[in-house]
Amino acid sequence: MTVSQTSERGHLRHLISLADLPRAEIERIIERASTYLTPTGQPPSHDATLRGRTVANLFFEPSTRTRASFELAAKRLSADVLNLDVSMSSRAKGETVLDTIYTLQAMQIDVFVVRDASTGVPARIAEHVAPHVCVLNAGESEVSHPTQGLLDVMTIQRHKGDVGALRVAIVGDIRHSRVARSAAEALTKLGVGELRLVGPTELLPEQTIANARVYTDLADGIADADVVMALRIQKERFAQLGDIPDPQEYYRRFGLSARALTHAKNDAIVMHPGPMNRGVEIDGSIADGPQSVIQEQVTNGLAVRMAVLALVHEHIAAETAQC
Amino acid sequence: MTVSQTSERGHLRHLISLADLPRAEIERIIERASTYLTPTGQPPSHDATLRGRTVANLFFEPSTRTRASFELAAKRLSADVLNLDVSMSSRAKGETVLDTIYTLQAMQIDVFVVRDASTGVPARIAEHVAPHVCVLNAGESEVSHPTQGLLDVMTIQRHKGDVGALRVAIVGDIRHSRVARSAAEALTKLGVGELRLVGPTELLPEQTIANARVYTDLADGIADADVVMALRIQKERFAQLGDIPDPQEYYRRFGLSARALTHAKNDAIVMHPGPMNRGVEIDGSIADGPQSVIQEQVTNGLAVRMAVLALVHEHIAAETAQC
Amino acid sequence: MTVSQTSERGHLRHLISLADLPRAEIERIIERASTYLTPTGQPPSHDATLRGRTVANLFFEPSTRTRASFELAAKRLSADVLNLDVSMSSRAKGETVLDTIYTLQAMQIDVFVVRDASTGVPARIAEHVAPHVCVLNAGESEVSHPTQGLLDVMTIQRHKGDVGALRVAIVGDIRHSRVARSAAEALTKLGVGELRLVGPTELLPEQTIANARVYTDLADGIADADVVMALRIQKERFAQLGDIPDPQEYYRRFGLSARALTHAKNDAIVMHPGPMNRGVEIDGSIADGPQSVIQEQVTNGLAVRMAVLALVHEHIAAETAQC
C-alpha cells in the first residue's frame, strides 16, 4: 500500500489496513474508544465533534451490522450521514468507482466509509481523494476489516488485559476471512503471547499469517486458550471440503460446543464477529452463555468507529484550518 | 402473549397488541396524540423528547407509509433513526431474528419498530430485549397493527365523539386483515355501540371478532352506519372467491360507491387504511369526497406514533435513571 | 403547464421547468446559490433555514448523484429528510402517484423532490398539493431537469461571465436528454450568444430546441466554442444508429478527445452531467484535465439545490404565517 494512513502532522487520516498501522496508533484508537462506552442501559455517548461534516457510507456489498454501526457512530458525533448502496445505481450505469468518489467529494463529503468485494479499492480511493478527505475501510474482499480487528483486540483487552500473556485461537474458515486477518494483524502488533489458527486444511491460509501456529484439530487448537474466536462459515464452502460434506459434520469437528470448550481455559472468552450460524460454527448455548462476549464486541465496535471518526476529524480540522 | 406491555411502574413499554392493552392506556395514547396535531399548513410538532436516543425501523416486509410515518415521528421527537430493510441482508445470511435484535441492542438501540410477515415476532422480540428497551409492532402478519387501530379510533372520536353511541361497519377482506382486527379490538375496548363486519363469506373471519355482527350484503351491512371503513383487497384473492371473479364484480358488490353509501347515515364518515385500489373497494369520488377522512387518518397516525414513542420514552428514562 | 412556479406574492414555489421560469428568477436562484459556496476544503455551508420542515425525496427512478445532492442540500439547511424509493413498495401495490402524494402530504411534508420516468408527473403533483407545499423536479423523463440546467449556467457564468457573448456546444444524444433540454432553456433565457447541438442525425431532436443550430460533425459543431458540454450516451442507443455500431466508433466520431477539442477555443471549458462513460463520449484525460469543470458542476449543483430549497421556504413561511 502506497498511501499513508497518518498525516504529516501525525494525525490518523485513513484506516485501510492494520498491517500498516503503528502499534501506538492502534492503542490510541482503543483508548479513545473506551471513552465512548456508557454503562448498560444508559443513553449512548453523543457529542458535536462532527457537526457540519458529512460522512458517506459507500457500500458496494450489502451489510446490516457494519453499516448500521458506522451510521450510528457518525450520527452520535452529529455528522450528516449519507447512505449509498452504489451497486444499485451508478455502478450499474458503468461509472468508475473513482468517478463516484470525485462526484461525492465535490458535494463536500469529509469521510468515506467504504465496503467492497474487490481487493485494493479502499486504498485506491484513499490515494485519490483531496488532502482533507478521509477513507475508512469497512470490509475489503477477504483481506481487511480493520475496525473489526480493533474491536476484537479491544474486547480481549477489556476482559483479559495485556495480550502479551494470552493464547488466542481463531477457529474456522481462516483462508477466506478478512475478520481473521485483521484480528491477527492487530494481535500481532500488540505482541500477542500465542496466536493459533484452527480449521480444516482447505480453510487454513496457504501461507500462515503473522507467525501463527496452525491446527487441524479443534481440541488441540484451543487447548488452554484464553480466547476462542469462531468465524462464520459460508454454506458454499462445504462443496469444497473433502471430508466435511455438511454443516452437521462441520459442527461435530469444529463447532464450539460446551464439550469442545472444555479444552480451553475455564475462564476463556468466546467471540464471534456475527452473523452467527447457530449449531454450525457455534452452539447457541455457548453464544448466549457466560463465556460469550459477542454482544460486547458489537458495543465495542460502535465505540471503535466513533473513535476512528473523532480521530480523523482532527486531521480534517487541521487541514481545513490552514486552507 | 406472555409479555406485558406496561412496566411495573405503570409506563407503556411495548405496543404489541391492542387486545391486551387496558382501555385507559388506549385513551391515554390518543389524548397524547392530540397534543401533536397542528393546524393545517402549520409546521409539524417538534420537540427534544428523544434527543440522544435511537429508534430502529426493522422492516422484514416492505412498506412506504407506515415506515415513513414512524420515521418522521421519531425524527420530530429528535431521535436518531436507523432504517433497516433486513430482508436484504442479515436474514438472507441465515442469522436468526433474535440475533439481529441482540446485535442492534448492543449498539444501544432504545426502541425497535418491527414489521414482520410472521405471527408472534414482535412479542417474541419484546420477551428478549433488555429491561429499558421497547418494541413497537408496525404490522404483524394478518393479526395485529396496533398503531393503525389507534389512529382509526382517534379519527372516529374526533369526528363522532364517544364510540359508545356509534354503529361502525368494516367492509372487505376482514379475514386476512390486521387492520380490521386492530380496529375491532380498539373499538371494543372503548365500548363501541355496534360493530359490523361486511364482506363475501370467504373473506369473513372463521370465528367472528369481538362480538361483531357479520353481513354478506353491503347495503344491509352499512345500513344506518356512522362510520364505514373500506379495506384494501389484494388481487390474489379473486382466485379464491367463487362468485366474485374480478375487481369489477367486487366493486359492484362491495365497493363504496356514492349509491352504496346512501345506505349509511347521511353524515357517515368514510375511512380506508391505504393504499387504495380506486374503483375496486372504493370509488375515487368517495375517497376524495366530503365524507372521506382518509387523509386525516394519516395525519392522526403520525401523531399516534409520536405519542407512543413519547410514552415509551417515559419507561426508558425511568429505567435508565435508576441504573 | 397550467401550474405557476411562482406564488401570487412573488415567491418561487415550484421548480418544474426552466422554460416557464422568468429570467429574473433564474438569476435570483444562481445568485443565492453563490452564497452557499465555500472555499475548497472548508466545511460546507450549514444553516437552520428549514429547521422543523420536512423534505421528501420521491424517486420513482433510481439515482445516486441527484438524490444525494438534494438530500445533502436539505440536511445542510437542517430539514428532516425522508428518502422514498417508491418503485419498490406503494407503486407496486397499485396506488396512484397522487394518492402517494396525498398520504405523504398528510404527514406534513413541506417539499416534494420528485424524479419520474414519465412526462408530466411533477407538474401534475404540483397542481394537486396544498397551498403551502412545494414541488421540485429532480429529473422528468426526457424533457426536464431544471436544477441541472441551473447548475450548468451557473458553472458557465462563473468561468466565462455573461453568456450573451458565448458560443456553447452540447454534444451527443440531444434527442433523449433532459439535461440538454434544460441547459438549452436556461441558456436561451439568459440570452446565450450562440447555442449549438451536435450529434449523429438520429440523436438530434426532431424539432430543434431554442433556435439552436444543429451539426452532425463534431469539429464543425465545436469550432471556436467557449463551452463544450458532452452528454452521456446509453449503450442501448447503438442499436439504433446506422453507421455508429459501437462505443469505439462513437468515440471516434463524437468523443471529446484532446484532438477533437483543438477545434474549440483554447480556453474552452468542458462539461459533463455525469455519470461519465470514459472513452466513449469523453476521454479520461479531458475529464480530468485543466479545461474540465465537471466537479465544479457537482459542487454548484448542491449549492443550486440549497438555493432552491431556501427560496421555496420563503413561500412556505409566508403561506403558513397567514394561516
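## A five-stranded sheet in chain A

Chain A holds an open sheet of five strands, running in the order β7-β6-β5-β8-β9 with parallel pairing. Strands here are DSSP runs marked E of at least two residues, helices are runs marked H or I of at least four, and both are numbered from the N terminus; two strands count as paired if DSSP finds at least two bridges between them. At the edges sit β7 (213-215) and β9 (269-271) of chain A, each of which pairs on one side only. From one strand to the next the twist averages 20 degrees, with axes fitted as lines to C-alpha atoms (for helices, over the stretch in contact) and angles taken from 0 to 180 degrees between N-to-C directions.

Let's zoom in on one pair. Strand β5 (residues 167-171) and strand β6 (residues 194-198) of chain A pair in the parallel sense over five bridges. One residue to look for is A:I170, whose bridge partner in β6(A) is A:L197.

## What you're looking at

This is a predicted model, where local features need pLDDT of at least 70, side-chain atom pairs count only at pLDDT 80 or more, and totals for chains, interfaces and linings use all residues. Residues are numbered from 1 along each chain as its sequence is written, chains are lettered from A and ligands numbered from 1 in the order in which they are written, and side-chain values use heavy atoms, with hydrogens and water left out.

## Where chain B meets chain A

The contact (heavy atoms within 4.5 Å) takes in 26 residues of chain B and 27 of chain A. Together they bury about 2500 Å², 52% of it on carbon and sulfur atoms; that's the accessible area (1.4 Å probe) the two parts lose on being put together, summed over both.

There are two salt bridges between these chains, a salt bridge being a side-chain nitrogen of Lys or Arg within 4 Å of a carboxyl oxygen of Asp or Glu. In one of them, B:E95 meets A:R65 at 2.5 Å, N to O. On the chain B side, β2 (80-84) and α3 (97-106) are the elements that give two or more residues.

## Where chain C meets chain B

Here 26 residues of chain C touch 27 of chain B, and about 2500 Å² is buried, with 52% from carbon and sulfur atoms. Two salt bridges turn up across this interface, including B:R65 with C:E95 at 2.5 Å, N to O. From chain C, β2 (80-84) and α3 (97-106) each supply at least two residues.
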